[in-house]
Amino acid sequence: MITLPPPPPSGVSPKTVEKAVNALLKWRSSTLNTQKPQLLEQDEFFYLILTLKKIPQKGVSRINAHKIPLPNPLINPLNEAPEICLIIDDRPKSGLNKDVAKKKIQNDNLPISKIIKVSKLKTDYRPFEAKRKLRDSYDMFFADKRVVPLLPKMLGKQFFKKKKIPVTLDLKHHNWKEQIDKACGSALLYLRSGTCSVVKVGRVSMSREEIAKNVMAAINGIADIVPRKWGGVRSFHLKLLDSLALPVYQVVPESKLKIDGGPKEQENDKGVVAVEEEKAKEGRVGKKKGRIQEVSDEMLKKKRKKGDNKGKGEKKEQKVAKLKKEDGVKQKKVKNEDGIKQKKLKKGSLVSGSGGMQVRGEKKKRLAA
């Protein structure tokens with residue numbers, strides 16, 4: 001057990017936290033009755049969801065975790081045998097290799113069961129299935145501080161979704177044991193690129209009092225870390241992995257909404273009826289109504305003008321159509337007259353041709369006689 005100083009007063013009530021813990025445990029016991037017996041042995045975590053009023057600035061580190069001490073550690077290497085994996089930097093400039101790390105772990109009696117080199121992580125754990133097996137094989141991951149910026153691409157999204165993000169260790173210093181013990185006994189807060197962050201604060205195997213104490217310690221510790229402290233916190237919610245998030249702390253929106261009722265008499269502290277204020281309000285409302293009427297009149301005038309313009313346009317179109325029709329009729333008449341003239345000319349030519357033939361025939365007869 002880690003002894004912590006009493007936390008400063010906060011806006012979160014311990015009774016509210018206890019009610020939320022009891023409700024989640026009751027929900028879990030009811031859901032486990034309908035599941036398979038194999039799932040009863042799984043040890044779930046309690047998650048505290050932090051919601052900020054504003055997104056943290058770019059200067060805030062999103063890879064290195066903020067360590068918040070808990071009175072009841074989530075992983076206790078002394079009483080348990082957790083599976084912990086250490087990722088080391090084996091590049092030439094680091095001056096560290098696997099043999100040196102093994103000797104250090106044995107001498108300090110550190111609870112680390114696996115050491116993985118960065119070079120091996122690049123080559124052997126590229127497939128998705130290999131990354132998934134690595135994630136599920138260990139309870140916690142530690143990584144050299146010099147390697148942490150390279151890990152998001154190497155490990156993939158699944159490590160971040162399952163909250164198995166490796167905790168940074170400064171392996172240049174010799175106090176490896178102190179760093180590991182502090183990380184195992186702390187809640188790890190990663191400030192994201194948005195306003196929401198999730199922190200593990202308890203385990204189902206703990207007692208209800210231990211879980212409630214951890215939640216209160218995490219809330220007070222987070223409020224001291226985030227920008228503007230309590231002024232930057234919008235809400236805290238508590239949940240299990242598959243449960244609903246129960247609100248533990250919420251801030252009322254900052255924007256003030258004024259709702260004006262009907263014209264009622266209100267008394268001041270001295271007992272005097274505030275009639276002048278109501279009159280002033282009525283005058284403002286009257287002005288607004290007059291303005292609305294003026295605007296409506298202007299809109300009607302505009303609509304009328306548009307209607308007149310439309311009527312004028314329609315009349316013009318009708319006139320044009322009439323003129324087109326008249327032109328069409330005239331053209332037809334001209335065509336008919338031309339046709340009649342051409343027919344007459346054809347007939348005249350035929351008649352003249354037949355007369356010439358008769359004269360020629362008479363001349364032939366005379367010569368024959």
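Which residue of β6 does Ala 143 stand opposite? In this predicted model, Ala 143 faces Thr 168 of β6.

Strand β5, residues 140–144, is mostly covered, with five of its five residues buried. Met 140, Phe 142 and Asp 144 point one way from the strand, while Phe 141 and Ala 143 point the other way. In a regular strand, side chains alternate between the two faces of the sheet. The residues on both sides of β5 are all buried. Strand β5 runs parallel to β3 (residues 84–88), to which four bridges join it. The pairing of β5 with β6 (residues 167–169) is also in the parallel sense, over three bridges.

| Strand pair | Sense | Bridges |
|---|---|---|
| β3 and β5 | parallel | four bridges |
| β5 and β6 | parallel | three bridges |
| β1 and β8 | antiparallel | seven bridges |

**The antiparallel sheet**

An open sheet is formed by four strands in the order β8-β1-β9-β10, with antiparallel pairing. Strands β8 (196–203) and β10 (246–250) are at the edges and have a single partner strand each, so one side of each lacks a neighbour in the sheet. From one strand to the next, the twist averages 20 degrees. Within this sheet, β1 covers residues 45–52 and is joined to β8 by seven bridges. Tyr 47 stands opposite Lys 200 in β8.

**Helix α1**

Helix α1 (residues 14–32) lies across β1, β9 (233–239) and β10. The helix runs at about 165 degrees to β10.

Technical notes:
Residues numbered from 1 in each chain as written. Predicted model: local features only at pLDDT ≥ 70, side-chain atom pairs only at ≥ 80, totals over all residues. Heavy atoms only, no water. Buried < 20%, exposed > 50% of the residue type's maximum accessible area, 1.4 Å probe, protein only. Helix = DSSP H or I, 4+ residues; strand = E, 2+ residues; numbered from the N terminus. Pairing = 2+ DSSP bridges. Axes fitted to C-alpha atoms, helices over the stretch in contact; angles between N-to-C directions. Contact = heavy atoms within 4.5 Å.
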